[in-house]
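Take a look at the chain below.

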Amino acid sequence: METTAFKGSPVHTCGHLPHTGSLAPRFTLTRGDLTELRSEELKGRRIVLNIFPSLDTAVCATSVRKFNQLAASLDNTTVVAVSKDLPFAQSRFCTTEGIENLIAASAFRSPEFAREYGVEMVDGPLAGLLARAVVIIDETGRIVYTELVPEITREPDYEAAIKALK
């Protein structure tokens, strides 16, 4: 769980989120069964990247639960929950929590993901992990929404993310 040591910690990342309207950087992440998830596999679908530090923190776990609920009602949309947690931990969390409507994917083998999406935290107690962010990619591969949550204990703006999908 996130501790009070994280309260009020502003997020500083290396780089910036991709710009709205730009082509989304390609990515390769690792699924729970250790196979690769390539962005090309999701071509023609809307993609919601729910990016966060670790499932072992309360806010991150909450965001995965909420996006799992929201994903069930979204047409032609794949939600990908991305962290540097090991795939085994992600699978265990999803099984325990009944998470079935999204893909949990680890960036533990993909340092380029953090660089290209500008989400690697560079200081503070969680330096080296991914910042909390949401990136939405449309069916053509263009970025239509981004949010970098500026304070580590805050949740993303779910309503704004869903609105970007409508």
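## Overall size

What radius of gyration would a compact globule of 166 residues have, and what does the protein chain have? The model here is a predicted one. For 166 residues, a compact globule would come out near 15 Å. The protein chain has 14 Å, which agrees with that value.

The C-alpha trace can also be described along its principal axes. It spans about 40 × 35 × 30 Å. The chain exposes about 8000 Å². Carbon and sulfur atoms supply 52% of that area.

## Fold and contacts

The protein chain holds four helices and nine strands. Read them from the N terminus and the order is β-β-β-β-α-β-α-β-α-β-β-β-α.

Charges come next. There are 18 positive and 21 negative side chains. The centres of the two sets lie 2 Å apart.

## The nonpolar cores

In soluble globular proteins, nonpolar side chains tend to be buried together. How many residues does the largest nonpolar core have in this model? It has 23. Those with the most contacts inside it are Val48, Val64, Phe67, Phe93, Leu102, Val134 and Ile136. Helix 1, strand 5, helix 2, strand 8 (133–137) and helix 4 (158–164) each give two or more residues to this core. Helix 1 gives the most, with five residues.

Val64 shows the packing in detail. Leave aside its neighbours within four places in sequence. Val64 is then in contact with Asn50, Phe52, Leu55, Ala81, Phe93, Ile99 and Leu102. Another core lies apart from the largest one and has 22 residues. Among them are Val80, Val82, Phe113 and Ala133.

## Leu29, a buried residue

Leu29 lies in strand 2. Is Leu29 buried or exposed? Its relative accessibility is 0%, so Leu29 counts as buried. The cut-off for buried is under 20%.

Which residues does Leu29 touch, not counting those up to four places away in sequence? They are Thr35, Glu36, Leu37, Val80, Val82, Ala105, Ser106, Ala107, Ser110 and Phe113. Met121 is 92 residues from Leu29 along the chain, and the C-alpha atoms of the two are separated by 18 Å.

## Ala89, partly exposed

Ala89 sits in helix 2 (residues 87–97). Its relative accessible area is 24%, so Ala89 is partly exposed. Ser54 is 35 residues from Ala89 along the chain. The C-alpha atoms of Ala89 and Ser54 are separated by 9.7 Å.

Most residues other than glycine have a negative phi. Where is Leu34 placed? Leu34 is in the loop between strand 2 (28–30) and strand 3 (36–38). Phi of Leu34 is near 70 degrees, a positive value. With a relative accessible area of 35%, Leu34 is partly exposed.

Asn76 is not a glycine either, and it has a positive phi of about 50 degrees. Asn76 is found in the loop between helix 1 (58–71) and strand 5 (77–83). Its relative accessible area is 32%, so Asn76 is partly exposed.

Definitions and conventions:
Residues numbered from 1 in each chain as written. Predicted model: local features only at pLDDT ≥ 70, side-chain atom pairs only at ≥ 80, totals over all residues. Heavy atoms only, no water. Buried < 20%, exposed > 50% of the residue type's maximum accessible area, 1.4 Å probe, protein only. Rg over C-alpha atoms; globule rule 2.2 N^0.38 Å. Areas by Shrake-Rupley, 256 points an atom, 1.4 Å probe, with all protein chains shown as cover. Lys, Arg positive; Asp, Glu negative; His and termini not counted. Charge placed at Lys NZ, Arg CZ, Asp CG, Glu CD. Core = buried A, V, L, I, M, F, W, Y, C linked by side-chain atoms within 4.5 Å. Contact = heavy atoms within 4.5 Å.
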